Amino acid sequence: MFIDSHAHIQLSQFNSDRDAVLKRAHEAALSAILVIGFDVKTSRGAVELAEKHENIYATVGMHPHDAKDFTPDTLQTLRALATHPKVLALGEMGLDYHRNLSPRPLQKAAFEKQLDMAEELDMPIIIHNRDAYMDILPILEARRGKMRGVLHCFTGDVEVMHRSLDIQFHIGIGGIVTYPNAKDVQAVAREVPAERLLIETDCPWLAPQFRRGKRNEPAYVRAVAEKIAELRGTSIETIGEVTTRNFQQLFASEGPLY
Ligand code: NI
């Protein structure tokens, strides 16, 4: 069994064939999909999808791209959505210094507000990072012991991995690991302790090598698991088992999901 720990199947890219996508996920032995919100609209969309399907869970949060639109109202809406029983985590949240679609001070402010909320609600978090580890890690390190979650679509090197592990975070590995020149991500996939590893697609983006440039979907998380298994000299079944257990422990500490 496999779990896609980071998917955006609430988006319109899936409107014409969402049921077929879910069917293929089921046929690929996925036992759950975590649908990630990144603003108010997509957070609502994630929750609505989770209400319709037993094996779908949701997160709610505000992406750093939209930090310029983050208001006290946003926070209140996210907080209300977060109380839904199928919402397992807050995020994605974080910092994005690659595209800089919001000014950095506003990105940091929106990130800190959401971290406060995670601490108050005692919920795990989904971190988005792009070229910003130098600021994200100190922010998380300052809250050491009060935060848990995953650094999703991890693209740092082994040194950044060790700092992330040191503050008890999980490492989310996605389709990039299957790209021939992704040497840092492959080194991380090889060296990360088994109990901290999660797999994801980040679909509709970042399709694995065999579908690179096309729309991604949850079923392709198997290609991620397969590549990690190859790198670690183990079986795809073992990667499935381990990452499913990790997901359960991180996001559903209060009892089994299914
Ligand atoms: Ni994402």
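In what follows, a residue is called buried under 20% relative accessible area, exposed over 50% and partly exposed in between, computed with a 1.4 Å probe on protein chains only. The model is predicted, so local features need pLDDT of at least 70 and side-chain atom pairs count only at pLDDT 80 or more, while totals for chains, interfaces and linings use all residues. Residues are numbered from 1 along each chain as its sequence is written, and side-chain values use heavy atoms, with hydrogens and water left out.

**Salt bridges**

A salt bridge is counted where a side-chain nitrogen of Lys or Arg lies within 4 Å of a carboxyl oxygen of Asp or Glu. By this rule there are 14 salt bridges. Three of them are listed below.

| Pair | Closest N to O distance |
|---|---|
| Asp-17 and Arg-215 | 2.9 Å |
| Arg-143 and Glu-112 | 2.6 Å |

Secondary-structure elements are DSSP runs numbered from the N terminus, with helices (H or I) of at least four residues and strands (E) of at least two. Arg-143 lies in the loop between α5 (133-141) and β6 (149-151) and Glu-112 in helix α4 (residues 104-121), so this pair ties together parts that are 31 residues apart in sequence. Glu-119 also belongs to helix α4, and its pairing with Arg-143 joins parts 24 residues apart in sequence. Arg-143 is buried, at 11% relative accessible area, whereas Glu-112 is partly exposed at 30% and Glu-119 is partly exposed at 32%.

Salt bridges with shared partners also unite Asp-17, Arg-24, Arg-215 and Glu-217 in one network. Asp-17 is partly exposed, with a relative accessibility of 24%, and Arg-215 is partly exposed at 23%.

**Nickel site**

Metal donors are N, O and S atoms within 2.8 Å of the metal (3.2 Å for Na, K and Ca); water is not among the atoms, so sites may look incomplete. The nickel ion is coordinated at 2.1 to 2.4 Å by His-6 (NE2), His-8 (NE2), Glu-92 (OE) and Asp-202 (OD). The spacing of these donor residues in sequence is H-x1-H-x83-E-x109-D. His-8 lies in the loop between β1 and α1 and Glu-92 in strand β4 (residues 87-96), so the pair ties together parts 84 residues apart in sequence. Both His-8 and Glu-92 are buried.

**Nonpolar cores**

A nonpolar core is a set of buried Ala, Val, Leu, Ile, Met, Phe, Trp, Tyr and Cys residues joined through side-chain atoms within 4.5 Å. The largest has 76 residues, and Ile-9, Ile-125, Leu-140 and Ile-173 have the most contacts inside it. Its largest share, 6 residues, comes from helix α8 (residues 221-232). A second, separate core of 13 residues includes Ala-32, Leu-34, Ile-126 and Val-150.

Ile-9 is found in the loop between β1 and α1 and is buried, with a relative accessible area of 1%. Contact means heavy atoms within 4.5 Å. Leaving aside neighbours within four places in sequence, the contacts of Ile-9 include Phe-14, Leu-22, Val-35, Cys-203 and Pro-218. With residues up to four places away likewise not counted, Leu-140 touches Phe-111, Leu-115, Ile-125, Ile-127, Leu-151, Ile-167 and Phe-169.
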